[in-house]
Amino acid sequence: MEYLMTADELCATLTDIADNRKTAYMLGPWGWPANEKMIARATTQGSHAQTNRQWLPRANAIKGKGFLFDCVGLIKGILWGWRADPGRTYGGAGYACNGVPDCDARGMIKLCREVSTDFSGIVPGEAVWLDGHIGVYVGGGVVVESTPAWKGGVQRSTLENACDKLIPGTAGRRTWTKHGKLPWVDYSKKKDEKEDKDMVYFKTLADVPEWYRGAVDKAVKAGALNGDGDGLNVSEDLCRTLTILDRLGKLD
């Protein structure tokens, strides 16, 4: 299959939007420029118009400087070719193109492969879903999602399924129901210098996501990892491997 992008590229685009773009949440948009015309369209046309009016203050605050997204629109917009172009009607995206259909959050998770409620094997670039909402896991216990909660737009949040405390730099915590691989994204890993540079490391046992922590703790106590749990500097890939070994009973 010919993919539209790699998981790394998807995660990089999402984190760039969350960290560097001004955004506001409204139902329906998939990266529409926050200009007078598109804000008016979102709040006067379609079935979501009345609901969207409650978020007008945030949209008006970034008028001429940012973009409008809903949760699934964030994913669709990127896959449809969104390029952060304020001069294009949809920021450079084309409607329902590149083989990616226009669907809601439930429809998007149904299209994903390897859908699971077990979050111990999640990898960066996977969609995370709960009823009525969707986001993307970008690694290190962090999700990027567009939501009216917290800051009201595209932002980083803590994957509560993995972490029992708020990760610094995230706006809030959320527990998700399922995760799965988007069919247009290549999740195969390429072992190169860039991958090693971008690998997520956990410096202490307390930093290790909850779903990995039991296996990592066993490895520390067994002497398989250096340190006493407070100076690990262990990679997320190694945490994932240890968790699989633990499930197979290899760490007992």
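Visitor: Which residues are buried in α5?
Guide: This is a predicted model. In α5, the buried residues are C71, V72, G73, L74, I75, K76, G77, I78 and L79.

Visitor: What does that say about how α5 sits in the rest of the structure?
Guide: Helix α5 spans residues 71-79, and nine of the nine are buried, so the helix is largely enclosed by the rest of the structure.

Visitor: What does the side chain of D70 reach at the start of α5?
Guide: A side-chain oxygen of D70 comes to within 3.5 Å of the backbone nitrogen of V72.

Visitor: And what follows α5?
Guide: G81 follows α5, and the phi of G81 is positive, near 100 degrees.

Visitor: Changing topic. How many salt bridges are there in the whole structure?
Guide: A search of the whole structure gives 13 salt bridges.

Visitor: Which residue does R174 pair with?
Guide: R174 forms a salt bridge with E145, with the closest N and O atoms 2.9 Å apart. The pair links distant parts of the chain: R174 is in strand β10 (residues 173-174) and E145 is in strand β8 (residues 142-147), 29 residues apart.

Visitor: Is R174 buried or exposed?
Guide: R174 is buried, at 18% relative accessible area; the cut-off for buried is under 20%.

Visitor: What about D164, which side chain does it meet?
Guide: The side chain of D164 meets that of R213 in a salt bridge, 3.2 Å from N to O. D164 is in the loop between β9 (153-159) and β10, while R213 is in helix α8 (residues 210-221), so the pair ties together parts that are 49 residues apart in sequence.

Visitor: How accessible is D164?
Guide: D164 has 40% relative accessibility and counts as partly exposed.

Visitor: Which residue forms a salt bridge with K218?
Guide: D246 does, and the closest N and O atoms are 2.8 Å apart. This pair also links distant parts of the chain, with D246 in helix α9 (residues 236-247) and K218 in helix α8, 28 residues apart. K218 counts as partly exposed, at 33% relative accessibility.

How values were computed. Residues are numbered from 1 along each chain as its sequence is written. This is a predicted model: local features need pLDDT of at least 70, side-chain atom pairs count only at pLDDT 80 or more; totals for chains, interfaces and linings use all residues. Side-chain values use heavy atoms; hydrogens and water are left out. Buried means under 20% relative accessible area, exposed over 50%, partly exposed in between (1.4 Å probe, protein chains only). Helices (H or I, at least four residues) and strands (E, at least two) are DSSP runs, numbered from the N terminus. A polar contact is a pair of N or O atoms within 3.5 Å; within protein, one must be able to donate a hydrogen and the other to accept it, and residues adjacent in sequence count only if both atoms are side-chain atoms. A salt bridge is a side-chain nitrogen of Lys or Arg within 4 Å of a carboxyl oxygen of Asp or Glu.
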